[in-house]
Amino acid sequence: MNPDRVETMDTSDRRSPESIPVPRDCADAEAILMSRELSCELNRAQLIKKFMRIAVLQLGVERAVLILLIDGIAEVVAEAVTLPQGVEVSCRANEIFSALLPMTIAHTVMNSRERLLIEQPEAFPDDPYVQAHHPKAGLFLPVLRQDRLAGILYAENRSTSAPIDRAKISLVEILAAQTAVSMENARLYDALKQENRERTLTAERLRRSEALLAEGQRISKTGAWTWNADSGDMQWSEQVYDIWGLRAADGTPTFEALMQRVHASDRERVIGLHALAIISEVKDEIYTTEFSIDRPDGAWRRLQIVLRPWSRPGERPRLYIGTTADVTERRLAEDALKRSEAHLSEAQRLSNIGSLSWMVESRILHCSAQCRRILDVDDSTDIEIADILARIHPEDMEGVAAAFFRNEPSDDTIQQEFRLTVKSGGLRYLRMVARSIRSTSGAVDYVGALADVTESRNAQNALMEAQTNLTHVTRLSVLTELTASIADEMKQLLASIIANGEAGLRWLDRLSPSVGDASRSFDEIVKSAQRTNGVINRIRSVARKSRAERKMIDLADTIHDVLPLVRQELDRHAITLRTAIASHTPMVCADNIQMQQVLINLITNAIRSIQRASGARKDILITLDTVGDSYFRVAVTDSGAGLSVDARQHLFEPFFTTEPEGIGLGLSICRSIVQEHDGMINAENCQEGARFYFDIPRCPVREAAH
């Protein structure tokens with residue numbers, strides 16, 4: 001819109017305030033009350049709302065918009081709308097001006113600072129707002145404060161053709177000026193309140209800072225002070241008095257009085273520092289010293305003083321600021337730590353155990369002095385894990401490398417034994433125990449101990465060798481006794497061979513030789529000879545320290561093979577032997593000859609027990625049953641004299657026997673054989689006679705099939 005066009009329009013009323021009739025009631029009591037109400041309001045938002053309501057009601061318009069210049073920038077601050085229930089005022093912000101009022105006309109009013117009454121808005125066809133909303137009448141009223149434009153009030157009737165009350169324009173203009181002044185007063189009042197709040201907050205922050213400083217000094221046992229090197233004046237914080245054991249009410253003591261509290265061994269050094277600060281030029285340098293004092297209450301304390309210049313070089317007076325800290329507990333803790341470290345180091349040296357730690361990422365070992373001695377490395381060098389691995393025995397390399405390079409922490413404890421080559425070329429046996437911890441940075445750390453077990457391992461090896469030799473000597477020493485025990489078996493085998501040989505010869509000496517019967521007798525001779533050879537081989541294996549030759553055998557077949565060997569002894573004493581085999585596949589992994597030896601020994605003992613008994617029944621029962629899912633049980637039950645209490649306690653001990661001609665090795669050998677096969681042997685009394693039984697681990701059917 002062209003501002004010159006406004007000057008020539010007949011439909012606009014752009015007369016000066018003096019040319020518009022001012023109603024007399026502008027000065028009446030109502031105007032005074034409204035002006036006073038606006039002048040007393042110090043809340044900016046409430047002030048704007050009151051003015052907008054008054055302006056809308058006094059002018060008799062449907063709506064009004066208030067624009068204020070804030071820091072030279074126009075801003076819509078409020079909009080008032082007449083509703084059936086009254087005038088509603090809403091605050092506005094960041095609104096598009098052209099959507100609220102005719103801005104082309106508003107710019108003209110703001111430049112001219114003169115009110116403008118528009119009764120025919122259609123005369124402004126170029127304004128977007130007029131084109132969009134077609135107001136019936138409008139009023140632009142500049143808001144002035146001391147001849148300075150503070151804003152503009154726009155009022156309009158959009159839906160009604162009722163004119164704006166001209167008689168109230170001057171009143172609203174006066175109230176607008178009063179509102180502008182009140183708004184400035186409200187701004188100044190808000191600024192004053194903000195300043196008071198900030199001053200109060202500053203004072204509170206200062207008090208809080210002083211309280212925090214005092215509390216920090218109390219907690220850290222560190223007090224602050226200032227010192228004028230020219231005059232000697234000192235100012236202490238409360239904590240400094242407390243550290244020295246003095247009262248603040250007594251004032252700051254003299255330097256000479258303080259020196260009387262300092263131990264004689266430290267006094268000269270403290271006096272020298274004081275003198276140096278007095279005579280020296282001020283430099284940007286920090287001075288510190290420690291000394292011991294005796295407080296007035298008799299307590300010994302260790303203090304640390306730190307001071308630095310507070311004034312620049314060449315300034316007068318020369319000021320220093322410093323701190324006095326009570327480091328008694330710290331120094332005592334350091335001394336205790338040093339003693340503890342010395343004790344730990346000596347304990348590690350005596351026990352030949354060192355401590356170590358490492359991070360997988362760094363691949364550097366951190367070791368105690370004893371650990372370095374164990375690893376045979378210098379004290380001044382970093383220990384690379386790779387260097388240690390290069391000296392580990394090849395057979396132990398894989399396990400140690402896996403332990404050192406674990407990337408994930410675990411609750412499991414690392415336990416690793418390995419051999420390490422030392423500089424002299426020898427081998428050391430080492431044992432490492434470590435566990436992982438998660439550091440604050442997220443890296444995986446390991447801490448542990450390293451022990452030199454070379455002497456222990458050498459002693460164990462020597463002990464094992466001595467035990468082996470002793471066992472061999474023991475076996476040889478009992479070989480004679482063992483031979484006597486086996487002689488009975490050999491006699492039975494030889495007797496069987498002789499008997500079968502004589503029978504075979506008789507079958508052949510007949511007028512009509514029976515070749516088939518003779519052949520069966522010779523077969524029995526061969527079997528007996530093979531058993532004899534097995535017994536001899538067992539004796540030789542004992543002498544050679546060799547283990548039993550185990551293989552898959554059927555216990556039922558073993559029992560059946562034993563029966564012919566003891567048949568002659570059974571027949572001679574008229575003893576009946578029965579068998580009861582419950583299992584169909586009694587397969588075990590055992591030495592067949594040794595199993596036969598155990599059975600023959602148990603059957604022979606049963607025969608002798610029956611001979612000692614006076615009962616009419618003479619029978620022996622051999623049973624083969626399963627025990628649970630893992631064992632077979634072979635039992636030999638006789639109708640003999642049973643076992644006495646003393647015999648049951650010492651039954652399987654070497655050289656214990658109840659037979660006058662016995663040597664007491666049979667059952668002891670049986671127990672050794674069964675235990676060597678991971679089994680168990682025992683004996684118990686029955687209702688009549690005794691029962692000897694042994695359990696042997698069974699083999700699964702599928703394993704036995706192979």
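## Contacts of F692

In this predicted model, F692 is in contact, once its neighbours within four places in sequence are left aside, with L602, V634, A635, V636, L643, L651, F652, L667, N682 and A683.

## The nonpolar cores

F692 also belongs to the largest nonpolar core, which has 42 residues, and it is listed with I620, I622, V634 and F694 as having the most contacts inside that core. At least two residues of this core come from each of the helices α17 (555–572), α18 (592–612) and α20 (666–676), and likewise from each of the strands β21 (587–590), β22 (619–627), β23 (631–638), β24 (680–685) and β25 (690–697). Of these elements, α18 gives the most to the core, with nine residues.

Apart from this core lies another one, of 35 residues, which includes L38, F51, L141 and M183. As general background, nonpolar side chains in soluble globular proteins tend to be buried together.

## Cavities

Sorted by class, the lining of the second largest cavity comprises nine nonpolar residues and one polar residue, with no charged residues.

Note on methods. Residues are numbered from 1 along each chain as its sequence is written. This is a predicted model: local features need pLDDT of at least 70, side-chain atom pairs count only at pLDDT 80 or more; totals for chains, interfaces and linings use all residues. Side-chain values use heavy atoms; hydrogens and water are left out. A nonpolar core is a set of buried Ala, Val, Leu, Ile, Met, Phe, Trp, Tyr and Cys residues joined through side-chain atoms within 4.5 Å. Buried means under 20% relative accessible area, exposed over 50%, partly exposed in between (1.4 Å probe, protein chains only). Helices (H or I, at least four residues) and strands (E, at least two) are DSSP runs, numbered from the N terminus. Contact means heavy atoms within 4.5 Å. Ala, Val, Leu, Ile, Met, Phe, Trp, Tyr, Cys and Pro count as nonpolar, Asp, Glu, Lys and Arg as charged, and the others, Gly among them, as polar.
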